[in-house]
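Hello,

Here is the structure I said I would pass on. Please open it first, then read the notes below beside it.

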Amino acid sequence: MSAADTIVTRIKTRHGRWGRPLPMPLEELATVIADSERQPLVERLARKLSEARVTLNGEGLPSEAHLSAPRNQLPYLIFASRFAYQGVHHWQQPTGLMLVSIPLDGDPHRTALLRHSVEQLPQTLMAFAGVSRRTLKVVVRCQPANGPLPADSTAYLRFLCLAQQQAARFLEAMTGCHVPVVEESLLRGCRMSQDSQVYVNAGALPLTVLSTAEELARYPLARTDRDGNFTSDPTWDAIERQRLDFYTCVSKAREAVAGETGETGETGASEANGANGATEAYGAYESQPPQSPQQPQSPQPPQQPQQPHPSYEPLVLELARLCRKSALPEESCVQRASYYTEWGLTTDAIRKIFRSVYADAPEGRPYSQMTEKERIARKVKEFFDRRYELRYNVMKLREEFRPRGIDYHPWQELTDRDINRIGQEQMMDAGAAWPIDIKQYAQSSLTPDYNPVHEFLAGCGTWDQKRNYIEQMAARVPCQYKQWPRLFHRWFLGMVATWLGQSRDHANAVVPMLVGPQGCRKSTFCKMLLPYSLREYYIDDIKLDNAEQVERMLGRMALVNIDEYNAKTDREQAKIKRILTERDVQVRRMRSESYTMLQRMASFIATTNERQPLTDATGSRRYLCVEVTGTIDTMTPVNYQQLYAQALYELSHGELCYMTPDEERQVQQHNEQFLNASTADILLTSYYEPAPRAQENFVRAVDILSDLQQHSRGSDRPNMSRLVKALKAAHFEYGAQKGIRGWYARKVADVGHVK
């Protein structure tokens with residue numbers, strides 16, 4: 001991607017208000033930054049900012065009272081996101097660009113060495129000096145290890161937090177300088193600076209962001225309205241509001257402490273320097289906390305934090321009071337306050353100050369009136385309400401947890417090691433609970449149930465009815481079977497109905513089977529049927545040798561791909577045929593000896609390279625075979641919200657989610673071309689044909705077998721089991737004559753008579 005194709009957002013600000021977001025190519029931005037005519041303006045504003053103490057108004061922008069004239073303001077640049085023309089509250093799409101600020105110490109020689117190191121990196125897309133000349137702004141392009149960028153604003157914000165941490169560690173390792181990690185926001189950016197040595201590399205390599213626990217695969221794709229435009233996310237709006245409220249509380253706390261002492265003193269001076277130094281006086285405005293000017297500078301290694309100054313504790317105490325009065329979450333405020341490294345207070349010290357303000361006796365009763373067990377139980381519940389989120393995954397049958405706050409941690413399984421660590425944290429937080437108390441609370445029914453499939457379906461919205469998204473999905477598979485889109489549609493509805501538990505009388509017993517050569521993307525298409533947030537509940541293979549694992553898989557997986565179906569043995573194919581019709585599954589929960597009846601969640605799809613994968617003609621009605629005649633389209637993005645919204649709408653309006661008997665007969669006839677005829681099938685249809693139910697047409701199976709064996713040799717000779725399957729598949733009638741059981745068949749006319 002060229003520099004001209006890379007777009008950043010440029011916003012003018014007047015009187016503390018956002019202007020309209022305007023797109024600006026990166027190449028044009030570099031030209032403006034390098035313009036030497038803008039140097040006096042930038043220097044004048046930087047000098048003004050260094051003398052002023054920036055506060056926040058209601059919009060979260062620097063107060064105009066501390067800035068120069070409105071016409072001298074510098075535009076604000078946002079690299080990570082693009083916004084609609086209506087304003088910054090209408091987030092439109094991600095760009096994947098990450099802005100990193102590296103502090104400078106003012107030494108020209110070391111600054112030149114740092115710039116040279118940054119420009120030598122193949123991942124550096126752009127680098128320029130900040131307005132204050134105390135930071136070097138570095139722009140890199142980030143991409144997930146798997147899949148595209150998140151198109152949901154909340155998920156993208158989580159991605160940016162992870163990307164910033166990895167980008168900071170990467171730059172620290174490559175340049176040898178300290179790169180601070182700050183609070184991330186979709187609005188974080190910087191003022192347009194002036195730097196004649198601005199560096200741009202249009203061919204910069206992207207920085208791959210690695211994730212843990214497949215968290216980056218758990219976001220939904222594009223959330224759109226009826227016109228196909230991205231909609232505003234209320235979750236992100238709430239997070240942004242809390243962030244701005246917190247920094248307002250910081251400003252008010254500084255003013256309150258300065259008013260009590262009668263002067264700003266060392267606290268006020270240090271705060272002003274910290275706010276206006278490393279972050280160019282736009283720490284809160286840029287959605288990142290202020291950094292101390294005493295932080296380790298490039299290229300020296302980081303130094304130990306300073307000892308806490310006594311004057312900072314009243315400031316933090318007043319901040320905690322204001323945050324509680326503003327009804328802000330305690331843990332997120334603690335994390336934001338810990339970014340102010342110039343205060344010299346550890347996160348643990350800040351947490352204890354906030355705890356002393358936020359702590360309340362439950363239900364108006366003092367702890368002294370409670371028994372020891374009641375105090376411990378209430379302390380454990382209060383600790384989790386404040387520090388951790390819990391849920392019970394009904395598909396995994398396991399508890400999951402994540403820390404609360406602003407770091408956007410992924411959900412992960414609650415193990416014994418995690419329980420022991422949480423127990424230690426609770427005791428360090430003045431609690432008296434042991435790990436057994438933590439475990440008892442987490443593994444109780446107080447932990448709410450969570451079904452990831454139901455959560456995704458609940459957020460799909462309303463079908464716009466503009467197009468048939470399900471059959472468009474089926475049309476990605478090139479084939480000559482005209483009924484394929486309609487029958488795939490029916491199977492897809494059966495899959496969603498199985499997830500919702502609506503198909504109690506009709507289990508989703510049909511398996512679409514993609515028949516085609518290697519490299520036509522059959523398996524990729526199967527995985528694409530699930531959104532990224534549900535890919536964890538997709539499996540490419542099924543192990544049939546352990547019955548208990550098979551039962552657990554039916555309740556845990558949303559979609560099972562029977563890959564390379566032709567490699568399954570006859571015994572395994574018989575097991576597959578049996579589990580297709582199961583409506584409920586019995587599983588043994590962990591830490592339990594009894595079995596529990598659970599709803600079946602899994603639907604099946606299959607792939608094979610074999611042209612004739614079916615061996616049982618009587619069971620072929622369970623498979624919907626389609627021959628892939630080209631390469632399946634797996635590159636076009638899928639609108640999963642509308643895809644599943646259509647299924648929900650049609651199910652709620654009575655659409656069938658199973659095949660009728662007539663459709664099953666049609667499918668069975670269609671599948672005859674995919675049957676792998678055995679020796680018994682070939683010999684039987686060559687020498688015999690079905691006959692009416694008459695005594696002269698009655699033949700014992702053993703007589704037919706004896707006759708057919710005379711026309712075959714060695715291993716090609718059929719056995720009785722194969723012969724009976726062939727008779728059923730060829731629709732020979734079964735009956736009895738004088739107590740002897742047999743089949744009604746007659747020899748083909750030009751062959752002769754049965755001996």
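**What was found**

The accessible surface of the protein is about 35000 Å², and carbon and sulfur atoms account for 49% of that surface. Keep in mind that this is a predicted model. The protein has 755 residues, of which 52% are buried. Its secondary structure comprises 23 helices and 28 strands. Among contacts with a separation of 6 or more, 74% join residues 24 or more positions apart.

Next, the nonpolar cores. The largest one holds 51 residues, and the members that touch the most others are Phe488, Phe492 and Tyr644. At least two residues of this core come from each of these elements: helices H13 (452-458), H14 (469-474), H15 (484-500), H16 (522-528) and H19 (640-652), and strand E24 (623-627). Helix H15 is the biggest supplier, with 10 residues.

Leaving out residues up to four places away in sequence, Phe488 touches Ile470, Met473, Ala474, Phe525, Leu529 and Leu624. There is also a second, separate core of 35 residues, which includes Ile11, Trp18, Val100 and Leu207.

One more residue to look at is Glu330, which lies in helix H8 (residues 330-337). Is Glu330 buried or exposed? Its relative accessible area is 8%, which is under the 20% cut-off, so Glu330 counts as buried. Beyond residues up to four places away in sequence, Glu330 touches Arg351, Phe354, Arg355, Tyr358 and Arg386.

Regards

Conventions: Residues are numbered from 1 along each chain as its sequence is written. This is a predicted model: local features need pLDDT of at least 70, side-chain atom pairs count only at pLDDT 80 or more; totals for chains, interfaces and linings use all residues. Side-chain values use heavy atoms; hydrogens and water are left out. A nonpolar core is a set of buried Ala, Val, Leu, Ile, Met, Phe, Trp, Tyr and Cys residues joined through side-chain atoms within 4.5 Å. Buried means under 20% relative accessible area, exposed over 50%, partly exposed in between (1.4 Å probe, protein chains only). Helices (H or I, at least four residues) and strands (E, at least two) are DSSP runs, numbered from the N terminus. Contact means heavy atoms within 4.5 Å. Accessible areas come from the Shrake-Rupley method with a 1.4 Å probe; for residues, only the protein chains shown count as cover.
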